[in-house]
Amino acid sequence: MAAVSPHSIVLLLLVALLLPASNAIYCDEDDCYDLLGVKQDANASEIKKAYYKLSLKHHPDKNPDPESKKLFVKVANAYEILKDETTREQYDYAVAHPEEFFYNTAQYYRAYYGYKTDPRAVLIGLLLIVSAFQYINQLTTYSQAIESVKQTPAYRNRLKALEFERTGGIASKKKGHKQMDKNVENELRGEVDLQIQGVKKPSVWNLYGVQFILLPYIIGKLLIWQICWVWRYRVKKMPYAWEDACYLTRTSLRIPDNTWQNIDEFTKEDLVMKRLWEKANMERHMAEARKGSRRRR
């Protein structure tokens, strides 16, 4: 006879613990039919009559006994389960198949809470949760990027230059000048414009929940922009405006907007003048870039 592994024993114990719970999903440890005093094949009329008879007998207004009050709650719960054909079928199935614990549990909660929950409320709640996690993640990433930048020599040099400008080049030579420098640094931090590539400052307007609420406005704005674009540059053949030319250049090079904003104006103008949105110009630009890369190697 093959030996039983410890994992199999644990699994059997877990199943043994879960199986009784499968029958207790609906009426705890009681049988719903027994609570109403009817047979399993009783019709809807018989179930209704049995419930009204028991409810009159055990109603808290007519029977102050605490045990009678508890029984009244159980009877009412049993009637709620058996009066509906769908939940009654699910209960009968759970009694006949106690081993299908997870399926029976899912059917129970779907029947009792699924139809009571407004899908719009679920959607709003989900968007709020996702937006909260999104904002926390963006804030954490941005804070880490800020701290990394503050450790660089370039940031320290910018602080010193700003301090030099404000003090007129006069440095304090007192014993506590290091502490004074720290205080000045804290004051000047808010005046230093940190430009961090690849990381945007967290904004409520970029959250998924806000974007979903503004979706009709965004779609309308996009349609208007597309119509104006076609009319201006396809129909009337007008030359591209600077902002539109920058947009075409940026999308042709697949450069994110925040990265494009950090490029100096001379480089931007040079790239725009090359009209890289035209295929031949882009191929020429890429060939030149590859040649330059080989020469640097």
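Figure 1. Aspartate 244 is buried, because its relative accessible area is 14% and buried means under 20%, exposed over 50% and partly exposed in between (1.4 Å probe, protein chains only). The model is predicted: local features need pLDDT of at least 70, side-chain atom pairs count only at pLDDT 80 or more, and totals for chains, interfaces and linings use all residues. Residues are numbered from 1 along each chain as its sequence is written, and side-chain values use heavy atoms, with hydrogens and water left out. Aspartate 244 forms a salt bridge with arginine 232, and the closest N and O atoms are 3.7 Å apart; a salt bridge is a side-chain nitrogen of Lys or Arg within 4 Å of a carboxyl oxygen of Asp or Glu. Aspartate 244 belongs to helix H12 (residues 242-253) and arginine 232 to helix H11, so the pair ties together parts that are 12 residues apart in sequence. Helices (H or I, at least four residues) and strands (E, at least two) are DSSP runs, numbered from the N terminus. Arginine 232 counts as partly exposed because its relative accessibility is 33%.

**Figure 2. The salt bridge between lysine 74 and aspartate 30.** The structure holds eight salt bridges. One of them joins lysine 74 to aspartate 30, with the closest N and O atoms 3.2 Å apart. Lysine 74 lies in helix H4 (residues 66-82), whereas aspartate 30 lies in the loop between helix H1 (6-27) and helix H2 (32-36), so this pair ties together parts that are 44 residues apart in sequence. Lysine 74 is partly exposed at 34% relative accessibility, and aspartate 30 is partly exposed with a relative accessible area of 29%.

**Figure 3. The largest nonpolar core and a separate core.** The largest nonpolar core has 21 residues, and those with the most contacts inside it are Tyr26, Cys32, Leu36 and Leu82. A nonpolar core is a set of buried Ala, Val, Leu, Ile, Met, Phe, Trp, Tyr and Cys residues joined through side-chain atoms within 4.5 Å. At least two residues of this core come from each of H1, H2, helix H3 (44-58), H4 and helix H5 (85-96). H4 gives the most, with five residues. Leaving aside neighbours within four places in sequence, cysteine 32 is in contact (heavy atoms within 4.5 Å) with Tyr26, Cys27, Ala78, Ile81, Leu82 and Tyr91. Apart from this core lies another, of 13 residues, including Cys246, Trp260, Trp277 and Met282.

Figure 4. Lysine 268 is found in helix H14 (residues 265-273) and counts as buried at 6% relative accessibility. Not counting residues up to four places away in sequence, lysine 268 touches Trp242, Trp260, Gln261 and Ile263. Lysine 274 forms a salt bridge with aspartate 270, the closest N and O atoms being 3.7 Å apart. Lysine 274 is partly exposed at 28% relative accessibility, and aspartate 270 is partly exposed with a relative accessible area of 37%.

**Figure 5. Helix H7 and leucine 127.** The 32 residues of helix H7 (residues 119-150) should span 46 Å at 1.5 Å a residue, and the end C-alpha atoms are 46 Å apart, which agrees; the expected span is 1.5 Å times one less than the number of residues. Leu127, Ser131, Gln134, Tyr142, Ala145, Ile146 and Lys150 are buried in H7. Leucine 127 counts as buried at 19% relative accessibility. Leaving aside neighbours within four places in sequence, leucine 127 is in contact with Gly209 and Phe212.

**Figure 6. A nonpolar patch on the surface.** Leu123, Phe212, Ile213, Leu215, Ile219 and Leu223 form a nonpolar patch with about 570 Å² of accessible area together. Patches are made of residues with over 30% relative accessible area and no salt bridge: like charges are joined within 9 Å, nonpolar side chains (Val, Leu, Ile, Met, Phe, Trp, Tyr) within 5 Å. Accessible areas come from the Shrake-Rupley method with a 1.4 Å probe; for residues, only the protein chains shown count as cover. Helix H10 (208-213) and helix H11 (215-235) each supply at least two residues of the patch, and H11 gives the most, with three. Phenylalanine 212 is in helix H10 and counts as partly exposed at 42% relative accessibility.
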